[in-house]
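Subject: Structure for you to look at

Hello,

I am passing on a structure that I would like you to open beside this message. Please read the notes below with the model on your screen, and take your time over each term.

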2 protein chains.
Amino acid sequence: MEESKTLTERTADEIIAYILQEELKEGDRLPSEPELMKLLDVSRTTIREAVKMLSSRNILEVRHGSGIFVSQNTGISDDPLGFLFIKDKKKLVSDLIEFRMLVEPRIAARAAMNATPKQAEELSFLADEVERLYDQGLSHIAADTRFHEKLGELSGSLLFPNLAPIIFRGINMFIELTHSKLKEETIQSHRAIVNAVKKKDPVAAEDAMMLHLIYNRNRLSQEDE
Amino acid sequence: MEESKTLTERTADEIIAYILQEELKEGDRLPSEPELMKLLDVSRTTIREAVKMLSSRNILEVRHGSGIFVSQNTGISDDPLGFLFIKDKKKLVSDLIEFRMLVEPRIAARAAMNATPKQAEELSFLADEVERLYDQGLSHIAADTRFHEKLGELSGSLLFPNLAPIIFRGINMFIELTHSKLKEETIQSHRAIVNAVKKKDPVAAEDAMMLHLIYNRNRLSQEDE
């Protein structure tokens with residue numbers, strides 16, 4: 001269907017090809033607008049349109065006065081599975097916990113197999129942070145998410161870290177729906193996961209994560225009562 | 001961070017809010033450009049920019065001469081996890097099979113629990129289609145994907161159907177990497193899944209899907225030998 005693409009779309013494709021060919025990474029700077037105009041032989045307007053298109057797909061980021069850069073989490077939106085457009089949020093949150101129960105125990109197991117002592121310490125620090133925020137009565141959503149994201153990073157999988165925005169939305173909607181404050185259980189099960197990672201025990205990590213998610217699922221079904 | 005958004009971004013947010021509020025579905029038409037200008041009190045240029053932004057996020061689709069519509073698979077790109085930007089495709093394909101092994105057996109189990117006899121027939125038809133293409137020596141990727149997508153639809157989960165583009169990319173990259181033609185095994189295991197769905201047997205469906213994916217994983221590791 002190449003022929004049905006507009007000039008802007010083809011230019012966007014060429015910029016993507018350039019990123020891949022030059023092996024640009026998150027945060028790397030692209031050539032300037034005039035350089036891109038020359039390189040791709042198109043007008044300034046077309047470059048700007050293409051860059052806008054790629055910005056809304058989270059591939060590029062324009063920092064005004066400073067240039068065009070490759071975005072963090074290149075090509076992954078903050079809502080990759082379109083949850084915004086799913087109406088039945090209660091069922092979605094429940095289906096999301098099922099999804100997490102299928103995937104996250106394995107993520108924890110792989111993290112336990114792979115993590116260096118230094119990385120286990122980083123994970124432990126994130127668990128401490130959740131606890132500290134809890135003690136101070138502050139929101140722990142961001143810190144909680146970072147804990148689960150970190151496990152994805154440590155898993156060594158190329159796919160698991162990219163599930164982070166899905167898991168984040170899962171945690172976020174769960175908390176909104178249950179109006180739940182952090183419970184002692186979350187702190188304990190995070191701690192159990194950290195200990196398993198420190199001991200390089202994948203089975204204990206898997207079990208601790210599963211227990212954590214089952215506990216959340218139960219809290220959700222108690223909402224119905 | 002609302003204040004840091006541009007007028008175009010805020011307009012795009014308002015269009016999203018309109019879609020949600022009016023409960024517009026895939027394929028529904030939005031108000032015309034002049035109507036949107038009036039409704040959101042912005043210029044034609046701003047509307048156009050916002051619509052372009054939402055098009056590249058697969059939320060809207062402009063059909064020239066006909067209007068602005070809500071996209072199919074609203075808000076889900078064809079590469080939701082940014083696989084394009086992952087360099088080590090071989091490891092990615094392997095990590096994708098692991099992901100599918102975690103998720104798809106459950107999808108098959110739920111499909112077996114939920115599918116009506118008519119839906120089981122539709123699934124059976126898709127399995128026949130894969131076989132027919134195989135017999136004719138034609139590409140079966142699209143049909144194979146539709147088979148796995150259909151299971152997601154039948155699962156009754158709000159999340160599983162949205163994994164379709166991820167599973168599609170998985171099948172696609174697997175076939176590219178292994179240069180593999182469809183094997184007798186695929187036809188047999190699809191058939192086993194269909195039979196389990198027809199019998200409403202979730203355990204048999206789960207086992208058949210797991211066997212199918214393990215077989216694929218083995219083929220991938222044989223590539224190394």
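**What was found**

Chain A has nine helices and two strands, where helices (H or I, at least four residues) and strands (E, at least two) are DSSP runs, numbered from the N terminus. Starting at the N terminus, the elements of chain A follow the order α-α-α-β-β-α-α-α-α-α-α, and the C-alpha trace of this chain spans about 60 × 40 × 35 Å along its principal axes.

Please keep in mind that this is a predicted model, in which local features need pLDDT of at least 70 and side-chain atom pairs count only at pLDDT 80 or more, while totals for chains, interfaces and linings use all residues. Residues are numbered from 1 along each chain as its sequence is written, chains are lettered from A and ligands numbered from 1 in the order in which they are written, and side-chain values use heavy atoms, with hydrogens and water left out.

**How the two chains are related**

**Where they meet**

The contact (heavy atoms within 4.5 Å) takes 41 residues from chain B and 41 residues from chain A. The area buried between the chains is about 3,600 Å², with 68% of it given by carbon and sulfur atoms; buried area is the accessible area (1.4 Å probe) that two parts lose on being put together, summed over both.

Between chain B and chain A there are eight salt bridges, each being a side-chain nitrogen of Lys or Arg within 4 Å of a carboxyl oxygen of Asp or Glu. A salt bridge joins the side chains of Glu98(A) and Arg106(B), at 2.7 Å from N to O. On the side of chain B that touches chain A, α4(B) gives the largest share, 10 residues.

Over all chains there is one aromatic pair (ring centres of Phe, Tyr or Trp, the last by its six-membered ring, within 6.5 Å; planes under 30 degrees apart count as stacked, over 60 as edge-to-face and the rest as tilted). The rings of Phe99(A) and Phe99(B) have centres 6.1 Å apart and planes at 70 degrees, so this pair is edge-to-face.

Best wishes
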